[in-house]
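Reader: Could you take me closely through one part of this protein, the open sheet and the elements around it? I would like a careful, connected account that I can follow beside the coordinates.

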Amino acid sequence: MDLAAAMARIAELEEKLAAADRAVSVKGNGNRVAANGGINAGDVIGSLLMTGGTFQGDVYIGEPTNDPREALDIYRQVLIPRLGHLPLRAIVPSSPDNKAAERPDLAQVYVALDTKSLEEPPEGFGKKRERAEPTEAKRLSALEAAIRNRQLVLLGDPGSGKSTFVAHLGLCLAAHALFPNDRWLDRLPGWPQAEGHLVPLHVVLRDFARSSALQQAGGEPNAKQLWGFLVEQLDRQNLDFAAKPIAAALEKGEALVILDGLDEIASVRNRRLARDAVQAFAARYSRCRLIATCRTLSYQVPSCDAALANVPTFELAPFDQTQIDRFIDAWYRELGRLGTPSRASGILDGALSGHGGAIPSVRPGNGYET
Ligand SMILES: Nc1ncnc2c1ncn2[C@@H]1O[C@H](COP(=O)(O)OP(=O)(O)O)[C@@H](O)[C@H]1O
Ligand SMILES: [Mg+2]
C-alpha cells in the first residue's frame, strides 16, 4: 500500500468510526470496535484505530497509551500527514490548501536530489597506476550524504529542496515502521536496514526560536532547551504519552533529528540561541542521526551565527535535465490523481518554462512554503 492508499484507507475508516459513533455513541477501546460491528480486525491499520483515536490536523484525538510501541506508532501516524503533503499554492494559487487530502502527496512527486560534492572513488581506486584514467565524477546524492554522515548540515538556495528532502526521509522512515511490508525503505536506497526503525523528530527551527522552552531557559545552552520544545510540541498535539518512548529512543541513538531552517530565524540573537541549543543537543545525543538545513548564503558568511561546529556540510545541486523531466512527469500524474482543474497544468507549464537547472516555481514569493 502506498501513502496515498494508506491515508485514504485511514480517512475511510475514520469516517466509518465517526458514523458508528453517531449511531451507537459508545466510547473507549475494544467497545468501540465491537459495538459498531462494521469494522473487523482486517480493516484496522496499525494500532491507532485500535485505540479509537483519530486526528484533527496534527493533533491526536484519542486515548493515551502506556505501551511504548503503541505510543510511537500513534506518534508516527500523526507525523505522516505533517511530513507527507506538499503545499499546492504555487501550482493552484487560489486553492484552499489546508485539506491534506487535496494536497499533492510528497511520496508521489518526490525526485531524488544530488549534492554538489563528488562521490569518493572506491577504496584503492587509481592507486596502482600512477595516472589513473580520468573517469566521469559522479555527484554524491543527498541521501548518500545523509547515510554516510550521522550528523550533517544540508545547504541550498531557497527552494532547492532542503525541507522536502528531510520531510521525505522522515516520512519514509515513519511509514516503514508502521507498514514494514510496504517497501518504504526501497524509497531510500542504501539506507541501513538496521536503522529503518529510527524515530523521526521534526523541528521547524523558527518555531523553536520563538518557543518558551528556548526563550525562558536562561543560563548556559543545554540539550534540555530543544527537548523542552519537543515536549511542548507533543503536549500541543495531545501526544504527551509519546515523550517517554521518544526520550528512550534518543538515549539509544534510535532517533533521526530533523532541524529545518537554521536561516529562517529572523534575529541574530535568536539564531545564536537556537544554534547553541542545537549544538548542545547534538552533543548530548551524539549517537543519534541529525540533519539540519540552512540556506547556503546564510551559512557561508564569515562569522556565521548559524554554523554548527564540527558538523560537515553538503550543498544541494540544482536539478539536471533528467530530474526536471522526472519532476514534471510526477507532478502531472499527481495533479491528475487529485483531479486538479486543468488550469493547474497551464500554471505548471508557465512556471516551468524558462527555468534551466533549478527546481521550477519554487522561488520565494511564489507562494511556496519553504
Ligand atoms: N526532491 C523533490 N522532489 C519533488 N519536488 C520537490 C523536491 N524538492 C523540492 N520540491 C518542490 O519544491 C518546493 C520547495 O522546496 P523546499 O524543500 O521547500 O525548498 P527549501 O527548503 O530548500 O527552501 C517544494 O514544495 C516542492 O514542491
Ligand atoms: Mg525550507
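Author: What follows describes the sheet and then turns to the helices and loops that accompany it.

This is a predicted model, in which local features need pLDDT of at least 70 and side-chain atom pairs count only at pLDDT 80 or more, while totals for chains, interfaces and linings use all residues. Residues are numbered from 1 along each chain as its sequence is written, and chains are lettered from A and ligands numbered from 1 in the order in which they are written.

The protein has 14 helices and nine strands, where helices (H or I, at least four residues) and strands (E, at least two) are DSSP runs numbered from the N terminus. Of its 370 residues, 38% are buried; a residue is called buried if 20 or more other C-beta atoms lie within 10 Å of its own, exposed if 12 or fewer, and partly exposed in between, with C-beta atoms placed from the backbone. Among the contacts with a separation of 6 or more, 70% come from residues 24 or more positions apart, a contact being two residues whose C-beta atoms, placed from the backbone, lie within 7 Å.

The part you ask about is an open sheet of five strands in the order 6-7-8-5-9, with parallel pairing; two strands pair if DSSP finds at least two bridges between them. Strand 6 and strand 9 (313-315) form the edges, each pairing on one side only, and the twist averages 20° from one strand to the next.

Strand 7 (residues 255-260) has six of its six residues buried, so this strand is largely enclosed by the rest of the structure. Ala-255, Val-257 and Leu-259 point one way from strand 7, while Leu-256, Ile-258 and Asp-260 point the other way, and all of them are buried. Strand 7 runs parallel to strand 6 (residues 199-204), to which six bridges join it. Within that pairing, Pro-200 has Leu-256 as its bridge partner, and Leu-201 has Val-257. Strand 7 is also joined to strand 8 (residues 289-295), again in parallel, by four bridges, and here Leu-256 stands opposite Arg-289. Between strand 7 and strand 8 the chain passes through helix 11, giving a right-handed β-α-β crossover, a term that applies if, with the strands pointing away from the viewer, the path from the first strand over the helix to the second runs clockwise.

Further along the sheet, strand 5 (residues 151-156) has five of its six residues buried, so strand 5 too is largely enclosed by the rest of the structure. Strand 5 pairs with strand 8 in the parallel sense over six bridges, Gln-151 having Leu-290 as its bridge partner. Three bridges join strand 5 to strand 9, with the two running parallel, and Leu-154 is partnered there by Phe-314.

Axes are lines fitted to C-alpha atoms, for helices over the stretch in contact, and angles run from 0 to 180 degrees between N-to-C directions.

Asn-238, in the loop between helix 9 and helix 10, has a positive phi of about 60° although it is not a glycine, and is partly exposed, with 19 other C-beta atoms within 10 Å. Asn-310, in the loop between helix 12 (296-300) and strand 9, likewise has a positive phi, near 60°, but is exposed, with 8 other C-beta atoms within 10 Å.
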